Amino acid sequence: MIPHRLARAAFAACLLPALPAAHAQTFPAKPITLVVPHSAGGTSDILARTVAAEAAKTLGQTIVIDNKGGANGTIAAKQVASAAPDGYTLLLATASTHGINPSLYSRISYD
């Protein structure tokens with residue numbers, strides 16, 4: 001004789017395939033923005049566009065380059081730090097944004 005608990009568990013297991021499955025959203029589902037902390041046409045911009053082209057092929061999604069020059073990269077870093085933490089806004093970090101600025105300025109608007 002099968003215990004009632006085991007019978008109920010077996011019955012519930014049979015119903016599982018009939019339940020609607022929760023599917024995770026695949027990443028990336030929309031274009032990715034790569035913020036470059038220097039003006040267009042410079043070395044950082046060329047590097048960002050080269051990396052973005054190869055990453056777009058691998059990910060199967062468009063990567064948009066957004067050049068935000070000024071304030072030694074602080075403007076771009078602040079924009080990315082205040083963006084939604086969903087992985088769709090990236091920063092091409094440089095020595096100025098993460099090495100020089102924190103040691104040069106007593107207060108910066110990003111961490």
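A contact is counted here when heavy atoms lie within 4.5 Å. The structure is a predicted model, in which local features need pLDDT of at least 70 and side-chain atom pairs count only at pLDDT 80 or more, while totals for chains, interfaces and linings use all residues. Residues are numbered from 1 along each chain as its sequence is written, and side-chain values use heavy atoms, with hydrogens and water left out.

By that contact criterion, glutamine 61 touches Pro28, Ala29, Lys30, Pro31 and Ala56, leaving aside residues up to four places away in sequence. Glutamine 61 is found in the loop between helix H2 (43–59) and strand S2 (63–67); helices (H or I, at least four residues) and strands (E, at least two) are DSSP runs numbered from the N terminus. With a relative accessibility of 18%, glutamine 61 counts as buried, a class that means under 20% relative accessible area, against over 50% for exposed and partly exposed in between (1.4 Å probe, protein chains only). Its side chain also reaches the backbone oxygen of proline 28 at 3.4 Å, which meets the distance limit for a polar contact (a pair of N or O atoms within 3.5 Å; within protein, one must be able to donate a hydrogen and the other to accept it, and residues adjacent in sequence count only if both atoms are side-chain atoms).

The loop between helix H1 (4–15) and strand S1 (32–36) holds phenylalanine 27, which is partly exposed at 48% relative accessibility. Its contacts, again without residues up to four places away in sequence, are Ile32, Asp86, Gly87 and Tyr88.

The structure contains one aromatic pair. Phenylalanine 27 and tyrosine 88 form this tilted pair, with 4.9 Å centre to centre and 45 degrees between the planes. Rings of Phe, Tyr and Trp (its six-membered ring) pair if their centres lie within 6.5 Å, and planes under 30 degrees apart count as stacked, over 60 as edge-to-face and the rest as tilted. The partners are 61 residues apart, and tyrosine 88 sits in the loop between helix H3 (74–81) and strand S3 (89–91). Tyrosine 88 is buried, at 12% relative accessible area. Lysine 30 lies over the face of tyrosine 88, 4.9 Å from the ring centre; the criterion is NZ of Lys or CZ of Arg within 6 Å of the ring centre and within 35 degrees of the ring normal.

For the protein as a whole, four helices and three strands are present, following the pattern α-β-α-β-α-β-α along the sequence. Buried residues make up 23% of the 111 residues.
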